[in-house]
Amino acid sequence: MGAYGDAVAAIKATNFRHIALQAISLGMIVTSALIIWKGLMCFTGSESPVVVVLSGSMEPGFRRGDILFLHMGKAPIRAGEIVVFHVEGRDIPIVHRVIKVHENVEKGDFEVLTKGDNNTGDDRLLYAQNQLWLQRQHIMGRAVGFLPYVGWVTIIMTENPYIKYFLIGALGLLVITSKE
């Protein structure tokens, strides 16, 4: 009958209670992941506490596929720190080093200029049109730690969506055909 026929037979043989238990288990896993993510957001003060480095612009410090852990405290950002920022009109956040800071002590605000370690010039060409500096609302967080190469899983699944669909299908089939 083959693997496909065995999978269809397994689906037909499952009862409603087993399917409900599987659905509840899946719901609990998804809910737990969301709770952990939101908890990390509160703890780190960053809208995205974990990001993957997607380009080589920060080599040799950070390489493509490294995972960065972010924190956004109230302490002022200083030149030399690695920050992750988003620019209006771009979907993907950027990881670069702060090279200049302008502080407005009266307002308690700041503006920063960034540059990738592996780039020749500053990031003004990456910013929105007519934007020369980044403000606090653009900064998602500052890098406080990293795991090398772990983010390659994300990069591979993003660049090759068929692999992502295959893995999701295989996991779904595994859940459906698993026996207790």
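The largest nonpolar core here has 15 residues, and I77, F85, V112 and I139 make the most contacts inside it. Elements giving it two or more residues are β3 (82-85), β4 (94-104) and β5 (109-115), with β5 supplying the largest share, 3 residues. Keep in mind that this is a predicted model.

**Cores and contacts**
- Apart from that core sits another one, made of 10 residues, including V51, V53, M58 and L68.
- Back in the largest core, F85 is one of the residues with the most contacts.
- Setting aside neighbours within four places in sequence, F85 touches P93, I94, H96, T114, D123, Y127, L134, H138, I139 and M140.
- Across the chain, take the contacts between residues at least 6 apart in sequence: 56% of them link residues at least 24 apart.

**Fold layout and overall shape**
- You'll find 4 helices and 7 strands in the chain.
- Read from the N terminus, the order is α-α-β-β-β-β-β-β-β-α-α.
- The chain is more spread out than a compact globule, because its radius of gyration is 22 Å, well over the 16 Å that the globule rule gives for 180 residues.
- Along the principal axes, the C-alpha atoms fill a box of roughly 70 × 30 × 30 Å.

- Of the 180 residues in the chain, 29% are buried.

Methods. Residues are numbered from 1 along each chain as its sequence is written. This is a predicted model: local features need pLDDT of at least 70, side-chain atom pairs count only at pLDDT 80 or more; totals for chains, interfaces and linings use all residues. Side-chain values use heavy atoms; hydrogens and water are left out. The radius of gyration is taken over C-alpha atoms; the globule rule is 2.2 Å times the number of residues to the power 0.38. Buried means under 20% relative accessible area, exposed over 50%, partly exposed in between (1.4 Å probe, protein chains only). Contact means heavy atoms within 4.5 Å. A nonpolar core is a set of buried Ala, Val, Leu, Ile, Met, Phe, Trp, Tyr and Cys residues joined through side-chain atoms within 4.5 Å.
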